[in-house]
Amino acid sequence: MESRLRNRGRLKIFFGASPGVGKTYAMLMAAKSEQEEGVDVIIGVVETHGRIETHELIEGFSVLPRKHFSYGNVRIEEFDIDAALKRHPKLILMDEFAHTNATGSRHPKRWQDVEELLNAGIDVYTTLNVQHLEGAHDAVSNITGITVRETVPEQLFDEANEIQLIDIPTEELLERLSEGKVYVAAGVKEKAAQNFFTKTNLMSLRELALRRTAEHVDADTDYQRIQDGLFTPNIAGDRILVCIGQDELSMKLVRTARKISSSLKAPWYALAIETAGMDKKQLSYQRQQRALLAAERNGAYRAQTVQEDNIGEAILSYAVNNGITKIIIGRNIRPAWMDWVFGSLVEHIIRNSGIIDVYVITGHGKSHKKKANHNEFSLINCGWAVIGLAAFTGFGVLLEDFFKPIDIIMIYLIGVIMCAVKLGRIPSFLFALLSVGTLNYFFIEPVYTFTMVDGSYWLSLAVMLMTSFVITQQATGLKKQTEMSRQREIQTQVFYLLTRKLAGATYAKSAIELTLEHIQEALNLQVNFLTMNEAGVVDALRDFQGDRLKEESVAIWAYQNAKPAGAGTNTMPSASGFYFPVIGHQSYGVLVLYPKEGADLTVDAHAMIETFVKLLTTALDRITASISAEQLTIDRESERLRNTFLSSMSHDMRTPLAAIRGSAETLLNTIDVLGKDKQKNLIGSIQDESDRLFRLVKNLLDLTKFETGHVALKKEPYFLQEIIGSSLKILDNTLSGFSVSVDVSKELPMVNIDAILVEQVFQNLIENAVSFSQAKHEVLISVKAIDNFIEVSISDRGLGLPEGQEKTIFDKFYTLSQGDRPKGAGLGLAICQAIILGHGGTISAQNRDGGGACFTFTLPIYEERDE
Amino acid sequence: MTVAPRILIIDDEPEIRQFLEVELSYQGYTVEIAETGALGLKLVNSHPPDVVILDLGLPDMDGKDFIKSIREWSQVPIIVLSARDTEDEKIVALEQGADDYLTKPFGTGELSARIRVALRHRMTGQKTMKSYLRLELYVDLERRIVKVGNEDIHLTPTEYKMLECLVMNAGRVVTQATLINHVWGKNSQGNSHYLRIYVQRLREKINDDPLKPEYITTEAGIGYRLNEPDGTYIQKID
């Protein structure tokens, strides 16, 4: 919070009791004096409403051009937030804080634009009437009888750095009004305006405005005193809990809680209880969710839903667990008998709250609970209930001779239970009601009439009916509870499964893909993931939905502001996706969900997404950490290689160079004295050493080409015999004195190879065999087809390989140490390996029985379709 | 008395020029030097040489363009020198009309063999040879005779065409594309798969072991070369 405040721009609100008091004028005057002091001021939005004084004032400022766009057929002008952020003035003027932006703008409300500007470090001047303050909403509608739709969260007002009250006496305002100097929004009926601008209303509003300003000043001093260490707020340690129900009171409850908590300077909690059988598609449920979101937005310390059937107990235990000192609860006025029959939640809480204070807010809102069960009603199930009834009646008729009617009533109760469990509440009630009639008709004397001789049966039937209702209530409740816990179980299972799978993921991409799959399955929604950096979207895992350009801009906003955006949020709600930034130790990108047409994500879904994203970021953090650790190892490894390379190179290049230079110099100096034979020796050594140098350079260049990936294999079909033939011809001189035997079957199929490179492999391996040979000068090449490969072995009777180094010999710069006789830079085998692997073959080395080494490699056989 | 054949060396590396000049003069040729492609072109024009040795890595012009422009008015044999990493350029150069190539670093033996072959083609006044004799193998293109020792060899038309192409260019490298065009026609889609199979059959018929070829040498990745016929020295001095 502190750091956010430090970088945030300053907000000054020019606050008034009603339109026409001169807020805009005052704002412009204040801005003018700032500008005169050299502050970079720009007008974001100022409505002149045709007033000449205001208009003249504006001319001294630069005005940000409006953004034009069309929505449907309508061309719309709106504040251009991107341009403002780009222009980044020191101070921007944003008239009418509570303004609602046109659909298609980034934020639905201007105050959200202002928030973003403040977050970007831009100072903002704005204007606000008291009736648009969310916390004043109830008071204003009481005073004026008008419900204000455009409201600004109280929190922003409280957090404003400065509130300047623009106050003129009520009489003066009325005078200005009669002179037509006050703008009354187009479309507002004259009568409504007349109703609003009455002297009583205006006086009450003025009082309200004065009080809110005073409270703000109060808060300011508190803040100052806290800074100076003179004051500890909330000494009482109050914590307030507001219980949000599903009726129309819920919003009012949130506002009240905010008000009380701000005057007590106490943190507040908002709690919604979700009971079994709650239908999430219901309006009432959505109202509850909205209230919860509003609480969160208005600074509730925590706003959450708890799943519990006993609402009273749930509230009390939550309160105790969270150290709540005050509970705020709503209560609709209803007939007393209803409390008496159904019990009252409020009574229950008050009776059991102990030391916790309970504040009850009343309202006349209708409870919408009744409607909640309509979806349980199913004609088919009712039909089954009737069929069941018929079956039980038949059964009853069979037993009639053996049992009294009172016993048969008991049998019907079994039917009620079965209906309740299998078919639901309504069919069960139906069964119970119909069974009363059936019992009377079929079993109670006189039978086949709806009358009865023995009046005591009325009591039996009434008791049966009551019992049935109770059973039905309990059984259906139980059923739903089971269903709910089953769903919770599934949810837990989903998270558990994902956690386990993510633990095995080694690549970021697979972790993201796994998470997407699980979200898609759990929420039944289309999803996407955008890998992003500061510049924008780098990569989308799935296809974009909606207008790509627009959707991307939402993604960028969510990424840069580290806040969710898009559908269902306050930022660009018209986007087709909901964008959730994925941030762990670093920002990874944005998760996108595409909610179904017209259905916002529920708080539940939000909670699930949050959990999913948390799991994903943990996995991504882990993966990134291990990758960077791996990178570190690779870096170290290549550092080691570089060192080996340098020492190996300097040795291997210097030796032949020294020999060449030395021989040449000696020749030059001794040209007249040295015998012809000795001269010949020197020249021979120059030739040999330059050959050696040439091989070294060639190997080095080849390997570099391979490692930088600059080698494109030019594959052609060849008979390997041809390549062996040409290799042997090239090595003619090297092989003098050696016996080379080639064992190859005549019917050998062709291989698909880059002939020049494979020739190189043969050359290197044969040269290798030659240079490590000892007394016995022989090289054996054998070629045979095995499955889809041709296998080539090149063996010698030389020194053989050191035990356990059969693999390492293919490493770069590996050389067999043989005293002071290094045989090259250890590049030849590395190149062979690169070439063979590049062809999709394998290469290995082992020692031969009876001494010597054998190198074996394979190459894939050519198939016609290779071309 | 015969006039010594004139060889034009076009190379920008002084060391290479020096070594070539010394070696070739010693072998009895008249050597001329050009440091740039432009000068080379001028010299080919003013003093037509018998053989041109051209480095493909000239700084002032692309070796392929050089060959192309020379081929517009002269059939002088061109031997290109290439570094190992200009494999592709080498093939293009051959297809543009260069007669043969040498990969750096090369030995003097190889060099003189190439020059010998080039000169023989030059001296006979034709670009192509009509007959071939080496060891046991005798080919007479005019009479369509192929013999190994005293035995007549019967070749299929495809095999014969292939051998014909190699004989006409005896001693010189023949690229795969040239072979395929000669055997199957200009517009045939080159299929090196068939080429290998026919070369294999041809080798079998003329008794040539691909592991130790006496007649047809494989130039990996480039093409084939029918080894120099016997008795070339006699022809050269002629």
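This is a selection-by-selection tour of the model above.

The model is predicted, so local features need pLDDT of at least 70, side-chain atom pairs count only at pLDDT 80 or more, and totals for chains, interfaces and linings use all residues. Residues are numbered from 1 along each chain as its sequence is written, chains are lettered from A and ligands numbered from 1 in the order written, and side-chain values use heavy atoms, without hydrogens or water.

**Stop 1: the core.** Select Leu720(A), Phe762(A) and Phe857(A). Among the 78 residues of the largest nonpolar core, these touch the most other members. (Such a core is a set of buried Ala, Val, Leu, Ile, Met, Phe, Trp, Tyr and Cys residues joined through side-chain atoms within 4.5 Å; buried means under 20% relative accessible area, exposed over 50%, partly exposed in between, with a 1.4 Å probe and protein chains only.) Helix H25 (residues 755-771) of chain A gives the most to this core, 9 residues. (Helices, H or I, have at least four residues and strands, E, at least two; both are DSSP runs numbered from the N terminus.) A second, separate core has 57 residues, including Leu28(A) and Phe97(A).

**Stop 2: salt bridges.** Here a side-chain nitrogen of Lys or Arg lies within 4 Å of a carboxyl oxygen of Asp or Glu. The count over all chains is 33. Select Asp40(A) and Arg87(A): their closest N and O atoms are 3.0 Å apart. Asp40(A) sits in the loop between helix H2 (23-36) and strand E2 (41-45) of chain A, and Arg87(A) in helix H4 (residues 81-87) of chain A, so the pair ties together parts 47 residues apart in sequence. Asp40(A) is partly exposed at 31% relative accessibility, and Arg87(A) is partly exposed at 34%.

Now pick Lys326(A) and Asp238(A). Their salt bridge has its closest N and O atoms 3.5 Å apart. Are these two buried or exposed? Lys326(A) is buried, and so is Asp238(A).

Move to chain B. Asp100(B) and Arg114(B) meet in a salt bridge of 3.7 Å, N to O.

**Stop 3: cysteines.** Select Cys382(A). The closest cysteine sulfur, in Cys419(A), is 9.4 Å from its own, too far for a bond. A disulfide needs two cysteine sulfur atoms within 2.5 Å. Cys382(A) is buried, with a relative accessible area of 9%.

**Stop 4: helix H16.** Finish at Trp384(A), in helix H16 (residues 379-399) of chain A. Trp384(A) counts as exposed, at 51% relative accessibility.
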